[in-house]
Amino acid sequence: MEFGTYETLLVEQRGSALLVSINQPASMNALAAAVVEDLHVLTGVLSRIGVDAHWPVRGVIITGVGEKSFVAGANIVEMNDMDPAAALAYGKRMHSVTLALESLPIPVIAAVNGFALGGGCELALACDFIYASATASFGQPEVNLGLVPGFGGSVRLQQRVGISMARELIFTGRRIKSAEALRIGLVNRVLEDNAALLTAAEETINEIASKAPTAVANVKDALNEIAGLNVVDGLEAEARSFVKAFETQDSVIGRAAFVAKSVPDFPGN
């Protein structure tokens, strides 16, 4: 399967991982309309991925080109000329990107190698995990411009760190370093430098690639659904996911391999 070529993105398969690098270093990888459109097209291609165990790509890593910035935010120069209708279209287009990332049947890791501010933080929040370099920083600084988060930050940040901490970060527009982001649960891991960051992300994708593909896809769907539910409804959703797993060949093979003390060869169905 071809992933296409893009004006603003570099797309490279690295083993089981597809590395997607936002390639606009002159603007600190800001989410200009052209970047958002390229991400929209790419996520449309990725949405056709199945869970077959023989499919070579078993996870996506998103990062930014350069040493300073993952994504510094939305493109404020472009936004300065937007009227409300244009702003709505811009935000909705990015919503389609983040929802597509959440809907992929494979894991997505944000490898944050510098500034992840505004739209950059929101892009990272749409990924399953966030790994960060020691020099990375995060924030939702929209209030400094008289704006509010427009790419999902008001929804996903409170899911990740809790409503109280999300309110503090959004109300103040405060920027926090990766160590603080780790402490509050915004990021999963902090790595020494950018090389270690990508290595760790690839290792995690490779680890997940050894698991049952249908189980990974199934539980990702379930976790996304359960995130907005109360306990009772969440347990019902979990039960549906549990039953669905039992209907797969991956489950039959995985359970049999455990009993036989052998290594399962998951077919991905």
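The buried residues of helix H8 are Asn194, Leu197, Leu198, Ala200, Ala201, Glu202, Thr204, Ile205, Ile208 and Ala209. Here, buried means under 20% relative accessible area, exposed means over 50%, and partly exposed covers the range in between (1.4 Å probe, protein chains only). Helices (H or I, at least four residues) and strands (E, at least two) are DSSP runs, numbered from the N terminus.

A word on the model before going further. It is a predicted one, in which local features need pLDDT of at least 70 and side-chain atom pairs count only at pLDDT 80 or more, while totals for chains, interfaces and linings use all residues. Residues are numbered from 1 along each chain as its sequence is written, and side-chain values use heavy atoms, with hydrogens and water left out.

Back to H8, which runs over residues 194–209. Its 16 residues reach 23 Å from the first C-alpha to the last, close to the 22 Å expected at 1.5 Å a residue; the expected span is 1.5 Å times one less than the number of residues.

Helix H1 (residues 33–46) is the next one to look at. Its 14 residues should span 20 Å at 1.5 Å a residue, and its end C-alpha atoms are 20 Å apart, which agrees. Among its buried residues are Val35, Val36, Asp38 and Leu39. The buried residues of H1 pack against strands E1 (9–14), E2 (17–22) and E3 (59–64), and against helix H3 (84–103).

Now for the sheet. An open sheet is formed by 6 strands in the order E1-E2-E3-E5-E7-E10, with mixed pairing. E1 and strand E10 (189–191) stand at the edges with a single partner strand each, so one side of each is left without a neighbour in the sheet. Two strands pair if DSSP finds at least two bridges between them. Strands E5 (residues 108–112) and E7 (residues 129–133) pair in the parallel sense over 4 bridges, and the bridge partner of Val112 in E7 is Ala132.

Ser133 also lies in E7, and at 1% relative accessibility Ser133 counts as buried. Leaving aside neighbours within four places in sequence, Ser133 has contacts (heavy atoms within 4.5 Å) that include Val112, Ser178, Asp193, Asn194 and Leu197.

Finally, the charged pairs. A salt bridge is a side-chain nitrogen of Lys or Arg within 4 Å of a carboxyl oxygen of Asp or Glu, and by this rule the count comes to 7. Some of them are listed here.

| Salt bridge | Closest N to O |
|---|---|
| Arg93 and Glu37 | 2.9 Å |
| Arg174 and Glu168 | 2.5 Å |

Arg93 in helix H3 and Glu37 in helix H1 link distant parts of the chain, 56 residues apart. Arg93 counts as partly exposed at 33% relative accessibility, and Glu37 is partly exposed at 32%. Glu102 in helix H3 and Arg156 in helix H5 (residues 153–161) also link distant parts, 54 residues apart; Arg156 counts as buried at 9% relative accessibility.
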